[in-house]
Amino acid sequence: MELHSLNFGKKERVLNYACQTYQLSRPSKVGAVMELIRQCQPNSIEEWEQWYFSNAYTNSKTPVKITRDIIHELGERLYAKITQIVIPEWQEAFMELTEQDCVDYIYNLTINRTYDGYVREKSVVYDGLAKIFTNIEFKETDPELDHSGDIDFTAAVGNSQIGFQIKPITANSNFGGYSLSERMKHNFDDFTRQFGGKVFVIFSMKGEIANQDVIADIENEIKRLSE
């Protein structure tokens with residue numbers, strides 16, 4: 001199998017960090033690329049490239065046709081973000097970083113954040129969802145399943161199951177604009193194919209459901225699966 005991805009070496013981490021931080025590869029900027037390539041079913045990279053620029057639109061309120069100029073402009077924006085913001089911020093952080101910061105970070109990540117996430121998930125599900133949807137039982141995802149990394153809880157509806165991912169509101173200050181990664185989309189789609197139900201992202205703020213509109217969507221999915 002011939003691979004076409006470029007190797008950016010040590011620069012890859014910086015490019016990936018800045019691209020993700022400033023959301024320059026989100027569907028709202030470059031379209032839903034995995035969905036598009038599945039529609040295309042190309043036999044060559046040239047076929048995919050031509051089809052992409054003929055059919056790709058931004059996944060936004062007002063879709064814009066994606067051109068080579070738009071891709072080029074996104075690259076220019078990425079360079080500006082790295083040189084004007086990322087590098088100066090990192091240089092300052094490197095100069096101020098201490099060994100104690102590193103010790104405290106690992107401890108905080110392992111103990112504090114793990115516990116906070118655990119309590120947050122439990123509260124959202126058992127003090128929130130379970131009290132709204134009293135006719136279904138919520139269970140933690142089996143860690144051996146392939147999708148367990150992206151789906152935290154499941155709930156059985158008849159012979160089907162619904163999936164839930166719990167995210168802190170800090171994961172995206174504007175959860176209305178939250179976009180799934182391509183990996184997550186794949187896992188969510190795989191879950192639906194395997195178990196029949198959709199996967200819902202629940203944003204938690206102080207242990208409560210922040211995106212209340214998702215409740216109506218869950219209700220509709222339960223009705224659909226119950227028919």
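**Close-up views of the predicted model**

View 1. The volume is the space filled by probe spheres set on grid points that are joined across faces, edges and corners; on a 1 Å grid over the protein atoms alone, a pocket is an open set of points where a 1.4 Å probe fits, with protein on both sides within 12 Å along at least five of seven lines, and lining residues have an atom within 4 Å of a point. This is a predicted model, in which local features need pLDDT of at least 70 and side-chain atom pairs count only at pLDDT 80 or more, while totals for chains, interfaces and linings use all residues. Residues are numbered from 1 along each chain as its sequence is written, and side-chain values use heavy atoms, with hydrogens and water left out. The lining of the largest pocket comprises 31 residues, and Ser5, Phe8, Ser25, Val33 and Ile71 lie nearest the centre. Two or more lining residues come from each of α1 (11–21), α2 (27–30), α4 (45–55) and α5 (68–96), where helices (H or I, at least four residues) and strands (E, at least two) are DSSP runs numbered from the N terminus.

**View 2. Helix α3 (residues 33–40) crosses α4 at roughly 115 degrees, with axes that come within 10 Å.** The axes are lines fitted to C-alpha atoms, for helices over the stretch in contact, and angles run from 0 to 180 degrees between N-to-C directions. Val33, Leu36, Ile37, Gln39 and Cys40 of α3 meet Glu47, Trp48, Trp51, Tyr52 and Asn55 of α4, contact meaning heavy atoms within 4.5 Å.

**View 3. Five strands form an open sheet with mixed pairing, in the order β1-β2-β3-β4-β5.** Strands are taken to pair if DSSP finds at least two bridges between them. At the edges lie β1 (138–140) and β5 (208–209), each of which pairs on one side only. Strands β1 and β2 (residues 153–157) run antiparallel and are joined by three bridges, and Phe138 has Ala155 of β2 as its bridge partner.

**View 4. Helix α8 (residues 214–226) packs on the sheet, where it touches β2, β3, β4 and β5.** The direction of α8 makes about 160 degrees with that of β4. Helix α7 (residues 182–195) lies across β2, β3 (160–168) and β4 (196–205), and runs at about 135 degrees to β4.
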